[in-house]
Amino acid sequence: AMTLSEIKKDCQKKMKQAMNDLHTEAEDIINDSFDTFYSQGNPIRKRTETLPGAKYVPEPTFTDTSGHMETGYEGNQISYQDGTFTGGEVLGATMTGTYGVVGDSGYDEKAFEEIEKAIDKNFSKYFR
């Protein structure tokens, strides 16, 4: 039988492994989501390829009792090259298909669905 201390250490180790695996997979999913966006339609103006700069997947952080992880898109990291759109407006336009933006506006929802599946898969691998 394991002691409470050993159980705690085991859980911390498994949580860290699950989150590190998830982080790698989530980053791939976010990268792939840009291909999803750009795969739809041919805009009149040349594409700026601004959107991938919005990738937000900082490394997970851990304490003795917790782990924290974020994954998604961060508008503060981008702006439209001619200064007409802030990062938040760029993300808003790409996610809603407004302002004449051409692309698959469902790229973010599809990515988050894939990330939810990855969460289940990675945590169930370590915690059965």
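**Close-up views of a predicted protein chain**

Tyr99 is exposed, with 61% of its area accessible in relative terms; here buried means under 20% relative accessible area, exposed over 50%, and partly exposed in between, with a 1.4 Å probe and protein chains only. The model is predicted, so local features need pLDDT of at least 70 and side-chain atom pairs count only at pLDDT 80 or more, while totals for chains, interfaces and linings use all residues. Residues are numbered from 1 along each chain as its sequence is written, and side-chain values use heavy atoms, with hydrogens and water left out.

**View 1. The protein chain as a whole.** Three helices and four strands make up the secondary structure of the protein chain. Helices (H or I, at least four residues) and strands (E, at least two) are DSSP runs, numbered from the N terminus. Read from the N terminus, the order of elements is α-β-β-β-β-α-α. The C-alpha trace spans about 65 × 25 × 15 Å along its principal axes. The radius of gyration of the protein chain is 19 Å, whereas a compact globule of 128 residues would have a value near 14 Å; the radius is taken over C-alpha atoms, and the globule rule is 2.2 Å times the number of residues to the power 0.38. Of the 128 residues, 27% count as buried.

View 2. Tyr99 belongs to the loop between helix H2 (87-96) and helix H3 (107-126). Although Tyr99 is not a glycine, its phi is positive, at about 60°. Most residues other than glycine have a negative phi. Gly100 lies in the loop between H2 and H3 as well, and Gly100 is exposed, at 65% relative accessible area. From C-alpha to C-alpha, Gly100 is 8.5 Å from Pro43 in space, although 57 residues separate the two in sequence.

View 3. Glu49 sits in the loop between helix H1 (4-38) and strand E1 (55-56). The phi of Glu49 is positive, near 60°, in a residue other than glycine. With 48% relative accessibility, Glu49 is partly exposed. Thr50 is placed in the loop between H1 and E1 too, but Thr50 is buried, with a relative accessible area of 14%. The side chains of Thr50 and Thr48 are joined by a polar contact of 2.7 Å. A polar contact is a pair of N or O atoms within 3.5 Å; within protein, one must be able to donate a hydrogen and the other to accept it, and residues adjacent in sequence count only if both atoms are side-chain atoms. Apart from neighbours within four places in sequence, Thr50 is in contact (heavy atoms within 4.5 Å) with Tyr38, Ile78, Ser79 and Tyr80.

**View 4. Glu74 in the loop between E4 and H2.** The loop that holds Glu74 runs between strand E4 (72-73) and H2. Glu74 counts as partly exposed, at 23% relative accessibility. A polar atom of the Glu74 side chain lies 3.1 Å from the backbone nitrogen of Asn76. When residues up to four places away in sequence are not counted, Glu74 touches Ala54, Tyr56 and Leu91. Glu74 and Leu51 are 23 residues apart in sequence, and their C-alpha atoms are 9.9 Å apart in space.
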